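Student: Hi! I have a protein structure open and I'd like to talk it through with you. Could you help me get started?

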Amino acid sequence: MEHIKNEPTPQTLPASGGLLDRWFKLSAHGTTVKTELIAGLTTFITMAYIIFVNPNIMSASGMDAGAVFVATCIGAAIATLFMGLYANWPVGLAPGMGLNAFFAFTVVGEMGYSWEVALGAVFWSGVIFTAMSFWKIREWVLDSIPESLRYAMTAGVGLFLGLIGLKTAGIVVESPATLVTLGDFTKPSALLAAVCFLIISILVHRKVFGAVLIGVLSVTLIGLFMGIVEYNGIFAMPPSIEPTFLKLDIMGALDIGMITVILAFLFVNMFDTAGTLMGVAERANLRRPDGSIEGLKKSLKADSASSVVGTFVGCPPVTSYVESAAGVAAGGRTGLTAVTIAALFLLSMFLAPLAGMIPPYATAGALIFVAFAMMSSMAKINWDDFTEMAPAAVTALMMPLTFSIANGIAMGFVTYTVLKMATGHPRDVSISVYILSAIFIAKFVFM
């Protein structure tokens, strides 16, 4: 998750009247075809790690890793193409980190649902998100959820992701006495995952291009030299997507026990998307003089609809990537940047042998890094107000400790509502938060 400042660079405007110029309004945005192509390549390289990480995570749910690899490429390509052609925004989309782990390890692994039903839950959350994007319900929900809980959700997903990365690497292991304890660093998996995390962290601090991808591939290469990774080649025809294509169970996801799961997918995706798109809009100078953001409604519709489409090929929630800021920093201003990213995702389908070589400890190192990057949102919480701080802490901590994003969100909402009412600040609680808290309490009592 790279944070790159947007530095203006001199541009040569394209000749007016060209097809690409007219479609993407290149001249109006002060950019050129060449700049947009370079920006698309830049963003793709910074987020390409997902094509290797996502299959490793999702295969834990029983899904075919090869099919998930292809689904990741196709889902990301379709979503990003939609963003570019419909919203004309320079944003890349792909399966969301954290939500894919929640899908595989909690909904399927802990709760016992099949991955087909879990995909059905993603479908319904996407349908709700899309419907909200066409009416003012989205703004109402976004505005009514306390900022402290929004920031805590991001941090909590990070902690959840971090725990999975540490567990996968063997850096943290179970203990009958203390539940968890430190693993054995003499084992290659733990040591190389830690090395991967350190490589990525150092490269990001030094603002090296494609730091996460370099870290994952570097540790894979080390494993190859150590003889613990088997070389299978680099290029090949894509694996079959048939094992996951149209396999979602839409009706099975309507089980009452899936309500909190659907809400978890919805809220995390919605707030993550809103934050990412607002941030990219600022960097791309898409804010109008009156304060409104050009094309924001279209970009939200594109993002939400993409999650629905992604379920048909076998993707967890598809969301906008903050790494898009890298392409914006390289000069990307229009949807041509996104179209470039989409084309590169499609070409990546021919890298299946390389994806199959990436060991779990390499992706674990990337997970740990992404986790720490997401936890930075906790700095935005008002730590001087206990009624804001405590619910935020409960939200963030209960996600990894209960191994469930849904439980963390539910307990955070209930804590916020009770504390505000008991301390004489009931007006701080919106109607939507009261309603959701009641639903979550009923879930804890009756399910």
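Tutor: Happy to! Let's begin with Ile409, which touches Met153, Ala264, Phe267, Val268, Thr395, Met399 and Phe440, leaving out residues up to four places away in sequence. Keep in mind that this is a predicted model.

Student: Got it. Which residues have the most contacts inside the largest nonpolar core?

Tutor: Those are Phe103, Phe267, Phe345 and Ile409, in a core of 125 residues. The largest share of this core comes from helix α11 (residues 259-283), which gives 13 residues. There is also a second, separate core of six residues, with Ala152, Met378, Ile381 and Ala392 among them.

Student: Okay, new topic: charges. How many salt bridges does a search of the whole structure find?

Tutor: The search finds four. As background, side chains of opposite charge can pair when their charged atoms come close.

Student: Is Lys420 buried or exposed?

Tutor: Lys420 has 1% relative accessibility, so it counts as buried. The cut-off for buried is under 20%. Asp385, at 25%, counts as partly exposed.

Student: Which residue forms a salt bridge with Lys420 at 3.0 Å?

Tutor: That's Glu388; the 3.0 Å is the distance between the closest N and O atoms. Glu388 lies in helix α17 and Lys420 in helix α18, so this pair ties together parts that are 32 residues apart in sequence. Both Glu388 and Lys420 are buried.

Student: And what about Asp428 and Lys420, how far apart are their closest N and O atoms?

Tutor: They are 3.2 Å apart, and this pair is a salt bridge too. Asp428 counts as partly exposed because its relative accessibility is 40%. Through shared partners, the salt bridges join Asp385, Glu388, Lys420 and Asp428 into one network.

Student: Nice, that helps me see it. Can we do a helix now? Why does the span of α10 agree with what it should be?

Tutor: Helix α10 (residues 211-226) has 16 residues, so at 1.5 Å a residue it should span 22 Å, and its end C-alpha atoms are 23 Å apart, which agrees. The expected span uses one less than the number of residues.

Student: Which residues of α10 are buried?

Tutor: The buried ones are Ala211, Val212, Leu213, Gly215, Val216, Val219, Thr220 and Gly223. They pack against α2 (33-47), α3 (50-58), α9 (188-205), α15 (352-357) and α16 (360-374).

Student: What comes just after α10?

Tutor: Gly227, which takes a positive phi of about 85 degrees. Leu246 has a positive phi as well, of about 55 degrees, although it is not a glycine. You'll find Leu246 in the loop between α10 and α11.

Student: Where does Lys25 lie?

Tutor: Lys25 lies in the loop between α1 (19-24) and α2. It is not a glycine, yet it has a positive phi of about 55 degrees. At 46% relative accessibility, Lys25 counts as partly exposed.

Student: Last thing: I clicked on Ser299. What does Ser299 touch?

Tutor: Not counting residues up to four places away in sequence, Ser299 touches Met83, Ala87, Trp89 and Leu277. Ser299 is found in helix α12 (residues 296-313), and it is buried, with a relative accessible area of 0%.

Student: And where is Met375?

Tutor: Met375 is in the loop between α16 and α17. At 30% relative accessibility, Met375 counts as partly exposed. It touches Ala155 and Leu159, again not counting residues up to four places away in sequence.

Notes. Residues numbered from 1 in each chain as written. Predicted model: local features only at pLDDT ≥ 70, side-chain atom pairs only at ≥ 80, totals over all residues. Heavy atoms only, no water. Helix = DSSP H or I, 4+ residues; strand = E, 2+ residues; numbered from the N terminus. Buried < 20%, exposed > 50% of the residue type's maximum accessible area, 1.4 Å probe, protein only. Contact = heavy atoms within 4.5 Å. Core = buried A, V, L, I, M, F, W, Y, C linked by side-chain atoms within 4.5 Å. Salt bridge = Lys/Arg side-chain N within 4 Å of Asp/Glu carboxyl O.
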